[in-house]
Amino acid sequence: MLRTISHFLDRIRRWLTPRRRPSGEAVSRLFRYRYSCFKDLLASNTEALNIITDLEEKLRGQEIFGMSYVRSQASRAVFHILRMVKSLDDLSGHRYRSLFEVVERVNREIKEELDRRKEIPISDLILPYSRVTKEMVDWVGGKNANIGELLNRVGVPVPRGFAITTLAYEFFVDDNDLLDEIARVNMDLDPSDPGTINAVSERIQALIGSARVPARLESAIDEAYRTMAQGAGRTPGTSGSSPRVALRSSAVGEDSDLSYAGQYLSVLNVPGERIVATYKDIVASLYNPRAISYRLSKGMRAEDVAMSVACMEMVESVASGVVYSRHPSRLWEDLILITSVWGLGPYIMDGIITPDSYVVAKSGGREIVETKISKKPVQLVLDPLGGTRQVPVEERLQTQACLSPEQVRILADHAIELEKHHEYPQDIEWTLDPAGGLVILQTRPLHVTRGGVNGAKALPQLEGYRVLIGDGAVAFPGVGKGPAFHVRSDEDLLRFPEGAVLVASHSSPQFVIAMPRAQAIVTDAGSVTGHMASLAREFGIPTILDAKCATGNIPPGCEVTVDAYSGRVYEGCVAELLALRRPRESVMKDTPVHQTLRRVGDRIVPLNLVDPRASSFAPESCRTLHDVLRLVHELSYKEMFQTSDLVSDTAGAGAFKLTAPIRLDLYIIDIGQALREDARESRLVGVDQVLSLPLRALLTCPLHEALRVQGPRPVDLGGFLSVMAEQMASPADLGERFGDRSYAIASDSYLNFSSRIGYHYSVLDTYCTDTINKNYLTFFFKGGAADDTRKHRRVRAIAHILERLGFAVEAREDRVDARFYKHERSLVEEKLDMVGRMLQFTRQMDMLMRSEASVKALAERFLSGVYDLDDRFWASLEPGSRKPDRGE
C-alpha cells in the first residue's frame, strides 16, 4: 500500500514539475538506447529463425543428432526469444510484461519433455532367470529378458544365471551423483565430429571407473552368485569349485528392434571375486565410442539408456556359432543358415575367422542343402587364470566340420521353435559343451526386411568393366559407389570421409562409427552372421564380407562400384548398376530422440499468429516460441516507427541540419556511424558526409536530375478552392498542420525518416544490411490539404505505385501503410530510392487529383520514369480527350 501511494505521489510530482527541454546529448543517448534494443531484437530474431529452420530440417529425419542437440537448440531458442521480448519491453516503456509469462510457460513445457524419464516399477536389484520374462525388458534389458523367456516359456537349454537389473544401474549412478555430470559432458557431443565422440567417451568412462559400487548392490550380487553356484552343486570359495561366469551387457533396447550388436562389453570366464569390478566395466561400456556413435545414429536418448547385466554360468565351449532362422541373403527361399567355429563364439561375431556354414531346409526332415567347411587355424578358449586366450586348432580339425548332421538338425529345430514363439525371424547364438549338449546363449530379432531385401537376387557379371572382387559373401544386398577408403585403425575410422567405400581386412562392429557416411563395405574376412553384418542390415549398407583379397585388389582412393547382390566389386563407375541403388531410409525418423524433438519442436516451430490485423494477434494467443517471435517482430516495427514522435517531443535537440539542393528542411540525429567524424565540427552537414546506407539511398532521389528540374505544379483552381474551403469549413482542423521540419534518425544501417510538411506527413523506417533476414522497409503516409475525395485519390495512387514496386500495401481513406521485408541490401536500397522519388513526385498532388483517371495515370507516369506533369498530361485526363503519343 505504501509503495502504491509513494508511486502515485512521484507521478504527481513529475506532472507538476515544469518540463525542461532535454539536451542534445540526452536525446542522442535516448535514441542510441532504443536503437541498441532494436539491434539486439533483430539479431535474436535472425538467430531464432535460423534455429527454427534447423529444427525443421532435423525433423525430416535425414540427419543424425542426439539429445545434446535437442537440449542445446531448445535452450538457444528460449534465450533468443526472451532477449527479443526484453528488447521490445524496453522499447515500449515496459508495456509487454505479459510476454515474459508466455515464454516462461512454453519453457516449462519444453523442460517437462526434456526431463521425461522412464519409471522403473520394480524394487529388485537382482532377479534370477527363473523370475524373468520378456515383459520385463525395460528392467532387465533385451538379452536377459530373452534368456528368461527361453527358460520359462520355451524350454530350450540355457545357462544358469541372474540379471543385475536397471534399478541397480540407477542405484549405482545416483549413489555416485553421476547423472548430471554425464549429461554435462554429453553436451560436448557433435555427431559431425567423431573426435568429440572419443573425448566424451574417455571422460564419462573415467567418471564411472572412479565411482564406487554401493555396498548394498555389492552384497546383492554376491548373494545371487552364491545361490547360482549352489544350484550347480558347487560351493563358492572352495578351491577349484567356484564357478566362472560370463558377464554380458543387457542394456535397455539391446537385442530388440535395435540390435546394438557388439556395441557393449561382454567379459567371459570371470571369477566370482571379480564380478563386481567387471560389472562396473560393463556399465562404463555404455559410453564407449562405438556405443555412443550407434545411439546417435539410431536416435536413442541418453536419458533412456540404462544398463542391466547378464551374469551366466560359463560354458566351456567345444564349438560355438550363430543360427539365422531365415537366410539373410536368400529371403525368398525357406532356409535356415547355421555357422560354427571351434571354441568360443567371439571369433565368429567379430569376423576374425570365416566359419563353417550349413544351409538347412525348413520343410520336411530338415535337409542340409548346402555345407561349406572353412579352414579354422585358431580358436578362442578359456584361460585357466581367467579371461580367454587364442590357441591353434589341431591340424586334423582345421578343415573338419564342427557339427554333426544331427547337431545341425537340432539347432534348426531350435531356430524354428524360437521363430514361432517370437513370431519373427531370430538371430541365435549357441554353444556346444564338452558333453555334446547344445546350449542357447541368446536370441534377438533378425533384421532382414529393411530396404526391400525380399526378392533380391544375384546379377549377371557385366562386360566391359574390370572386376576387382568376384565372389564375396553378401551380408546386405544393394549397390554402392565411391572412392575406396582403407580402415586399418581407430584413427582411420575417425577421418572416414562422406560417401566413401569402407575396405578392411576383417569385419568389426567398431565400423558403426563410419556407417552413416559409408556407401558400401567390403572386407577380406567376416561372417554374414557376425555382429557387423547385423549392423550393416540395420543401417541398410550394401556389404560384402569374406572377399579374401579386398585390401589387396582395391587400391586406396580408387573409385569402385560395389554389387552387393552378386558379391562383386567393379573398378570405376558402373552406370548400369547405379539405377539399382536404393535411397537411404530416414536414419532418425520415429526414433526416441526424433520423437522428443517432435514434442519439443511442437512448442517452438509451429506458427499460429499469421495476420497482424486479427484480434487474436496478441500475447494471450501465443502458443509457441514462433508465435512470440512473430508478434514481437511485428510490434518492434511499430515501436521503432513511432521513434519519429519522440523527435517532435524533444524539438530535434542534438540534430544536424542537412545542406543540399533539395526541397526538405532535413535534420539528422546520428545514433551510430551515420555521419563522418568531421561532420561533428559543425551543426551543418553535406550529403558527402552521410555514411548511413539507407539515408544515402533515400537522398539519391531528391538529387535525381529529372526531379530537380521538375517544373512547378500547375494551379488547378478547383483543387485550390477545395483546399481553401476545407480549411475555412473546418477551422478546428488547423491543428492538423504539421511543422516543416523533417527528421532522419540514422545509424550506419538503420533509418527512421519522418517528413512532416504542411498538411501531410510520412514516416519511413528501414534496416539495410548484408543479412537478408534483418532487412525491412516500412512506409506510412497520411493527410493532405484538399477535400477527402482528392486526398483519397492521392493515397490510392501512392498505393498503386508501392504495389507495383513489390510492397505489401494497405490503403484506408487518406492513409497508406506499406512493407517490404527480407530482401537483399541492394534491393532495399533500390526501393528506398524509389520511395524517395515518389515522395518528391507526389508532393502537393492531392489538389490536382481532379478525376478517378488521374489515380492510375499518375502512378503509371511515375513508374515509367517520366516525372514532368505538363498541361498536355492533365488535358489528356479530361473526358473525351485524345491521349498524346509518347513522341509528341
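These legends walk you through some close-up views of aromatic rings in a predicted model.

Local features here need pLDDT of at least 70 and side-chain atom pairs count only at pLDDT 80 or more, while totals for chains, interfaces and linings use all residues. Residues are numbered from 1 along each chain as its sequence is written, and side-chain values use heavy atoms, with hydrogens and water left out.

**View 1. Phe38 pairs with Tyr767.** The structure holds 11 aromatic pairs (rings of Phe, Tyr and Trp, the last by its six-membered ring, with centres within 6.5 Å; planes under 30 degrees apart are stacked, over 60 edge-to-face and the rest tilted). Here the centres are 6.1 Å apart with 85° between the planes, an edge-to-face pair. Phe38 sits in helix α2 (residues 24–59) and Tyr767 in strand β27 (residues 760–767), 729 residues apart (helices, H or I of at least four residues, and strands, E of at least two, are DSSP runs numbered from the N terminus).

**View 2. Phe38 also pairs with Tyr776.** The ring centres lie 5.9 Å apart and the planes meet at 90°, so this pair is edge-to-face. Because Phe38 is in helix α2 and Tyr776 in strand β28 (residues 776–783), the pair ties together parts 738 residues apart in sequence. Tyr776 counts as buried, at 0% relative accessibility (buried means under 20% relative accessible area, exposed over 50%, partly exposed in between, with a 1.4 Å probe and protein chains only). Phe38 is buried too, with a relative accessible area of 0%.

**View 3. Ring pairs build a cluster.** Its members are Tyr35, Phe38, Tyr750, Tyr767, Tyr776 and Tyr821.
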